[in-house]
Amino acid sequence: MYTDYFKLSAAPFQLSPDPRFYFASSGHKKAMAYLTYGLSQGEGFIVVTGEVGSGKTTLIKRMLSDLDQERYVVASVVTSRLGPAAALRAAAAAFGIDQARLDKASLLRRIETFLVEHKRAGRKALLVVDEAQNIPFPALEELRMLSNFQAGDEALLQCLLLGQPQFRDMLSEERFEQLRQRVVASCHLMPLNQDETRAYIAHRLKVAGWAGDPDFSADAYAAIQDSTGGVPRRVNTLCSRLLLYGYLEEAHRIDGRIVEEVARELARELGPAGG
């Protein structure tokens, strides 16, 4: 619809994470540096937290897209409130490990065998767990025990935990002491500041082939920041609606008044800040 109208090659503000649109804000650069350091350790847990829509998944997808696929075997789990046994089976399934009719002890042996085989082949195993704040303590303990698997003095599995801010609070609890001791790198993603929000919008538009149509006024960028708080997913939601507005109204310039009008419409439909 509006992509053709504005001669764009793709939808620049889609909500699904896409590493092509990764924007390296100061916070994301810092987080990527922590991730790179954590991966270089080859063991333990890496923890990334941030508000809903802060770009955690896009960051991780960008990082994974840069990994040497010959040197890593990666599995991803999006958690619900899994019990310990279900968490273990979810991790095994994510790696493609056959677990039919296996009891826990047999499943653990099969997971260990799988990890050892990849280690011998020169590959590191990485388990990415999203929405980690939803994992009950007993299930996290199962993942911690998996991280204890070793071949000689080398760990067989590294875990990357992504969670909302409350996950940081969970980890500060005394019962998580053993897991905390295994965290090799940790970072928290903050919202974009106003200059970063402006650069973020321009970056995504340019990746989609933007040639300046529509034009955004200075007060439009300020109004977008005010309406979204610099949270990338909220920025995407609002900017996508702004492009739709431009298409429907045949407008080629987006100003602060238009942003405020569209933001009010979104607030009525979806709640404050469009989410």
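**From one residue to the whole chain**

Mentor: Thr-3 counts as buried, because its relative accessibility is 19% and the cut-off for buried is under 20%. Please keep in mind that this is a predicted model.

Trainee: Where is the place of Thr-3?

Mentor: Thr-3 belongs to helix H1.

Trainee: And which residues does Thr-3 touch, not counting those up to four places away in sequence?

Mentor: Thr-3 touches Leu-8, Ala-10 and Ala-11.

Trainee: How many residues apart in sequence are Thr-3 and Tyr-247, and what separates them in space?

Mentor: They are 244 residues apart in sequence, and their C-alpha atoms are 8.9 Å apart in space.

Trainee: Let us turn to aromatic rings. What does the count of aromatic pairs come to?

Mentor: The count comes to 6 aromatic pairs. One of them is formed by Tyr-5 and Tyr-247, with 5.5 Å centre to centre and 75° between the planes, which is an edge-to-face arrangement. This pair links distant parts of the chain: Tyr-5 is in helix H1 (residues 2-5) and Tyr-247 is in helix H11, 242 residues apart.

Trainee: Which residues form one aromatic cluster with Tyr-5?

Mentor: Phe-6 and Tyr-247 form one cluster with Tyr-5.

Trainee: What do Tyr-5 and Tyr-247 count as, buried or exposed or partly exposed?

Mentor: Tyr-5 is partly exposed, because its relative accessibility is 23%. Tyr-247 is also partly exposed, with a relative accessible area of 29%.

Trainee: New topic: the strands. Why is strand E1 said to be largely enclosed by the rest of the structure?

Mentor: Strand E1 (residues 45-50) is largely enclosed because 6 of its 6 residues are buried. Phe-45, Val-47 and Thr-49 point one way from E1, while Ile-46, Val-48 and Gly-50 point the other way, and all are buried.

Trainee: Which strand does E1 pair with over 5 bridges?

Mentor: That is strand E6 (residues 157-163), and the pairing is in the parallel sense. Within E6, Leu-161 is the bridge partner of Val-47. E1 also pairs in the parallel sense with strand E7 (residues 183-189), over 6 bridges.

Trainee: What stands opposite Phe-45 in E7?

Mentor: Val-183 stands opposite Phe-45. Leaving aside neighbours within four places in sequence, Val-183 is in contact with Phe-45 and Val-47.

Trainee: What does Val-183 itself count as?

Mentor: Val-183 is partly exposed, because its relative accessibility is 25%.

Trainee: Which other pairing does E3 have?

Mentor: E3 and E6 pair in the parallel sense over 5 bridges. There, Leu-127 stands opposite Cys-159 in E6.

Trainee: Now back to helices. Which residues of helix H10 are buried?

Mentor: In H10 (residues 218-228) the buried residues are Ala-220, Tyr-221, Ala-223, Ile-224, Gln-225 and Thr-228. As a general point, an α-helix has 3.6 residues a turn, so residues three or four places apart point the same way.

Trainee: What covers the buried residues of H10?

Mentor: The cover includes helix H9 (194-207), strand E8 (215-216), helix H11 (232-249), strand E9 (253-254) and helix H12 (256-270). Just after H10, Gly-229 takes a positive phi of about 70°.

Trainee: Finally, the whole chain. How many helices and strands does the protein chain have?

Mentor: It has 12 helices and 9 strands. Of the 275 residues, 48% count as buried. The C-alpha trace spans about 65 × 40 × 35 Å along its principal axes.

Trainee: And how many positive and negative side chains are there?

Mentor: The protein chain has 33 positive and 34 negative side chains, and the centres of the two sets lie 4 Å apart. The accessible surface of the chain comes to about 13300 Å², of which 48% belongs to carbon and sulfur atoms.

Technical notes:
Residues are numbered from 1 along each chain as its sequence is written. This is a predicted model: local features need pLDDT of at least 70, side-chain atom pairs count only at pLDDT 80 or more; totals for chains, interfaces and linings use all residues. Side-chain values use heavy atoms; hydrogens and water are left out. Helices (H or I, at least four residues) and strands (E, at least two) are DSSP runs, numbered from the N terminus. Buried means under 20% relative accessible area, exposed over 50%, partly exposed in between (1.4 Å probe, protein chains only). Accessible areas come from the Shrake-Rupley method with a 1.4 Å probe; for residues, only the protein chains shown count as cover. Lys and Arg count as positive and Asp and Glu as negative; His and the chain ends are not counted. The place of a charge is taken as NZ of Lys, CZ of Arg, CG of Asp or CD of Glu. Contact means heavy atoms within 4.5 Å. Rings of Phe, Tyr and Trp (its six-membered ring) pair if their centres lie within 6.5 Å; planes under 30 degrees apart count as stacked, over 60 as edge-to-face and the rest as tilted. Two strands pair if DSSP finds at least two bridges between them.
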